[in-house]
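The dialogue below takes a sheet, one of its strands and a pair of helices.

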Amino acid sequence: MGIIYIMLICVFTLLNTKVNGQEVKLTLLGDAVKKGAVCLDGSPAGYHYAKGFGDGANSWMIYLPGGGWCGSKKSCLDRVKNNPDLSSTKNITNTYFGGILSSDKNSNPDFYNWNRVFIRYCDGSSFIGDAVDPGSKLYLRGSRIFTAVINELLSIGLKNAKNAMLTGNSAGGLATILNCDRFRALVPNVNKVKCVSDSGFFIHAKGLPNVEGREQTFSSTVQFHGIAQFLPKSCTSRMNPGLCFFPENLVGDVKTPLFLLNSDFDKFQIQVNLKPHPADSAGWANCTNNINTCTRAQLQIIKDFRNTFLETVKGLGNNQSRGLFINSCYIHDFLYSTQRINSANSPRLDNKTIAQAIGDWYFDRSSVRLIDTKTDHPLDCKIN
């Protein structure tokens with residue numbers, strides 16, 4: 001259910017960004033099969049690339065999209081069968097660049113003319129797995145896809161970049177955290193490298209309902225895709241590797257400057273990850289689809305999530321290089337939509353839109369550690 005939901009978000013956001021973007025064709029990765037950099041179904045990995053221009057010609061943005069995870073042979077085979085956009089490149093042609101990938105200067109003033117790359121998410125592991133499943137026709141090669149695409153981009157100009165940013169949303173936001181230092185190591189000659197995670201801060205929330213479900217989702221993904229080898233040993237040496245997939249146990253090890261963009265009323269996490277009433281799934285679905293229909297008890301669970309989220313962020317410590325924009329919109333995913341990051345209705349903290357906050361942080365115009373600590377209810381921000 002979670003994977004389908006994220007797909008709908010991505011499609012819905014895409015449809016609402018077409019006023020400020022461009023169609024960009026698919027490029028299949030060279031020698032992908034030889035490198036083992038293939039999607040779940042064995043098709044070659046691919047990416048969409050819009051060339052930079054003007055004073056952005058030597059700056060690069062790498063975008064990792066969302067789409068959930070698969071953590072078993074059955075769920076990955078189901079993903080190949082039912083969600084080909086998230087498991088294959090066979091029928092992919094163009095994709096639309098909007099939001100932070102837009103080439104429109106008015107809506108994306110800091111990054112509109114950068115080299116912008118959207119890597120297809122087709123591995124189901126947040127671009128970090130590398131394993132073999134004997135007896136199936138599944139290819140679990142997220143880590144190889146990420147490395148091979150970055151290496152190909154190095155050969156066409158990334159190695160000479162002045163600025164570079166790794167970013168992504170949802171499962172791609174988690175992938176950004178997981179791969180941030182790895183990206184820095186792959187581009188050693190780039191002067192300024194930073195990472196921006198959008199809606200990728202999935203919390204463990206041990207004291208909230210369905211903690212077993214959250215743990216199982218990540219533990220099965222880590223085990224099936226062979227992810228433990230890529231997780232920080234400082235984490236895996238003291239806890240189950242599945243728990244090291246939760247960003248709260250990862251961020252402290254990230255040395256490259258990292259920006260966390262999220263809602264403390266993250267709609268996906270509340271709708272899908274909490275599930276406090278297994279015997280009343282329709283009631284929870286109705287509540288989380290329309291907050292006005294929630295009971296007092298349901299609203300309290302949602303508020304408990306927000307409080308736990310803020311406490312978890314606070315527990316990360318005060319890293320001066322880290323940026324934060326934690327708002328209270330009842331939304332999951334921001335960066336791919338111009339309406340969400342830089343419009344009259346965009347969420348603002350300290351009178352800054354998301355686009356302004358990320359630009360200020362990336363270019364060191366100001367420190368950005370913005371958290372809405374006053375709003376104790378999910379906001380209908382009326383933005384698509």
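What follows is a set of questions and answers on reading these features.

Q: What kind of model is this, and how are residues numbered?
A: This is a predicted model, in which local features need pLDDT of at least 70 and side-chain atom pairs count only at pLDDT 80 or more, while totals for chains, interfaces and linings use all residues. Residues are numbered from 1 along each chain as its sequence is written, and side-chain values use heavy atoms, with hydrogens and water left out.

Q: In what order do the strands of the open sheet lie?
A: Helices (H or I, at least four residues) and strands (E, at least two) are DSSP runs, numbered from the N terminus. Two strands pair if DSSP finds at least two bridges between them. Here 10 strands make an open sheet of mixed pairing, in the order E4-E1-E2-E5-E3-E8-E9-E10-E11-E12. E4 (94-97) and E12 (369-371) are at the edges with a single partner strand each, so one side of each has no neighbour in the sheet. From one strand to the next, the twist averages 20°.

Q: Which strands pair with E5, and in what sense?
A: E3 (residues 59-64) pairs with E5 (residues 115-119) in the parallel sense over four bridges. E2 and E5 run antiparallel, also joined by four bridges.

Q: Are the residues of E5 buried or exposed?
A: Buried means under 20% relative accessible area, exposed over 50%, and partly exposed in between (1.4 Å probe, protein chains only). In a regular strand the side chains alternate between the two faces of the sheet. In E5, five of five residues are buried: Asn115, Val117 and Ile119 on one side, Arg116 and Phe118 on the other.

Q: Where do H8 and H10 make their contact?
A: Contact means heavy atoms within 4.5 Å. Axes are lines fitted to C-alpha atoms, for helices over the stretch in contact, and angles run from 0 to 180 degrees between N-to-C directions. The axes of H8 (residues 267-274) and H10 (residues 296-314) come within 11 Å and cross at roughly 120°. Gln269, Ile270 and Leu274 of H8 meet Ile301, Ile302, Phe305 and Phe309 of H10.
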